[in-house]
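Subject: Structure handover and findings

Dear colleague,

Please find below the structure that I am passing on to you.

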Amino acid sequence: MNTSPAADFARRLFEESGLTSSHEPIDVVLVSIFLERHYALNGRLGRLATEKDDTFRLRTDTSDHLVKVSPPDEAEAVVDLQTAAMRFLASAAPQLPVQRVKPTVDGEDSVAIRLNDGRTRILRVFEFVAGPVMAQTSPDAEQLAKAGEMLGRVDEALKPFTHPADRRGLVWDIRHFHRLTGLVDYTPSPEHRRMAETVFRRFDETVVPRLGDLETQVIHGDFSPYNVVVDPKSDDHFVTGVIDFGDTVRSAVIFDPAVPMANLLGRAPDDPWRDACAFAAGYQRQRPVRAPELPLLPVAALARLTLRALLTNWRAERAPERRDYLLAHAKDDWTNIELALGSSPDDVIARLRESRIGHA
């Protein structure tokens, strides 16, 4: 990127988000030693593909666990924010199927691994939530609404939660979208560039003037279909697990449902907003969006999807070890952006308003 103030801001944001550097995968033997020493856990460790940390499934004789080791450039306070949010929900809303944190034998939430180069990585252990994630299923409209209800319940429970690091800089926080226009320069396709510019223009015109007065709180930040474990055979208890609080941040409330809506765009090509609106309808049963903010929701969803599309190739070049993971999650983004842009914004807003009135 260039050296303009906007580029400097973007660079700092990427650094704070842990996206500017790569690292060698942590030694599985070292992880095993720490698990035995601090958690009294022994078993088979299998590495899982993830966005930026090192993640393993630990299979013991009696149960399974998820083991995460933070990237060396992720601040310890940010890791603590993620853990604290999960701990808060487990206490304040124990009925919610939020993934649980396993304490060490000394009752701590995590263990610091000091590297030879002076950097620190944080090891944490969570319960393993078995079952398919929503991205691996084909949910119907009511199941999507149930998923929306779950996020609404999570956001409702998180209302009073605070943490010293909750105002962290995060590139995935949609409030920064308008300051990342430089990413268009890394997009080789002229058609993709035009679509991105259209979304930036809509965001500038509708969301940016309102950023200062949007309702804010700590949000999950990444309630994507890959972070929602489900039971496809159940409607009443469709969501069985809410996982991965890695993008927890204090931001506008509407940016939380915008993330899953972005992931649901284009699933029905003849009605590209159908599934996103079904999710939003369920969300509003539990956490109604303020009427003046509702028209901003579809723009925020488009912004999130566009941001992922813009970032994917940029990141894949800089973290080749995660290239397959990154491209797999974003392979249809530009197609879905095009489909979503083909719908009338007024029509989409009208559908969202109808669902809000129907569940007020």
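The model is predicted, so local features are given only at pLDDT of at least 70 and side-chain atom pairs only at pLDDT 80 or more, whereas totals for chains, interfaces and linings use all residues. Residues are numbered from 1 along each chain as its sequence is written, and side-chain values use heavy atoms, with hydrogens and water left out.

Nonpolar cores

A nonpolar core here is a set of buried Ala, Val, Leu, Ile, Met, Phe, Trp, Tyr and Cys residues joined through side-chain atoms within 4.5 Å. Buried stands for under 20% relative accessible area, exposed for over 50%, and partly exposed for the range in between, with a 1.4 Å probe and protein chains only. Helices (H or I, at least four residues) and strands (E, at least two) are DSSP runs, numbered from the N terminus.

The largest core has 87 residues, and Met261, Trp273 and Ile337 touch the most other members. Helix 8 (residues 297–318) supplies the largest share of this core, twelve residues. In soluble globular proteins, nonpolar side chains tend to be buried together.

Trp273 deserves a separate entry. Leaving aside residues up to four places away in sequence, Trp273 is in contact (heavy atoms within 4.5 Å) with Met261, Leu265, Pro298, Ala301, Leu302, Ala340, Ser343, Val348 and Arg351.

Strand 3 and its partners

Strands are taken as paired if DSSP finds at least two bridges between them. Strand 3 (residues 64–69) is mostly covered, with five of its six residues buried. Strand 2 (residues 54–59) runs antiparallel to strand 3 and is joined to it by six bridges; Asp54 stands opposite Val69 of strand 3.

Cavities and pockets

The search used a 1 Å grid over the protein atoms alone: a cavity is a set of points where a 1.4 Å probe fits but cannot get out, a pocket is an open set with protein on both sides within 12 Å along at least five of seven lines, and lining residues have an atom within 4 Å of a point. Grid points are joined across faces, edges and corners, and a volume is the space filled by probe spheres set on the points. For the linings, Ala, Val, Leu, Ile, Met, Phe, Trp, Tyr, Cys and Pro count as nonpolar, Asp, Glu, Lys and Arg as charged, and the others, Gly among them, as polar.

Three cavities of 30 Å³ or more are found in the whole structure. The largest cavity holds about 50 Å³ of space, and its lining divides into seven nonpolar, one polar and three charged residues. Among the lining residues are Trp172, Asp173, Asp247, Phe255 and Arg304.

The largest pocket has a volume of about 1,200 Å³. It is lined by 47 residues, of which Thr50, Tyr226, Asn227, Asp244 and Tyr325 are the closest to its centre. Helix 8 gives the largest share of this lining, six residues. By class, the lining of the largest pocket has 22 nonpolar, 13 polar and twelve charged residues.

The second largest pocket has a volume of about 370 Å³. Of its 22 lining residues, Tyr226, Asn263, Arg267, Asp332 and Asn336 lie nearest its centre. Helix 6 (255–264) gives the most to this lining, with three residues. The lining of the second largest pocket comprises eleven nonpolar, six polar and five charged residues.

Individual residues

Most residues other than glycine have a negative phi. Asp244 has a positive phi of about 60° and lies in the loop between strand 9 (239–242) and strand 10 (249–252). Asp244 counts as partly exposed because its relative accessibility is 27%. Ala40 also has a positive phi, near 55°, and is found in the loop between helix 2 (28–39) and strand 1 (44–48). At 53% relative accessibility, Ala40 counts as exposed.

Finally, Gly131 lies in the loop between strand 6 and helix 4 (141–158). Gly131 and Asp231 are 100 residues apart in sequence, yet 7.0 Å apart in space, C-alpha to C-alpha.

With kind regards
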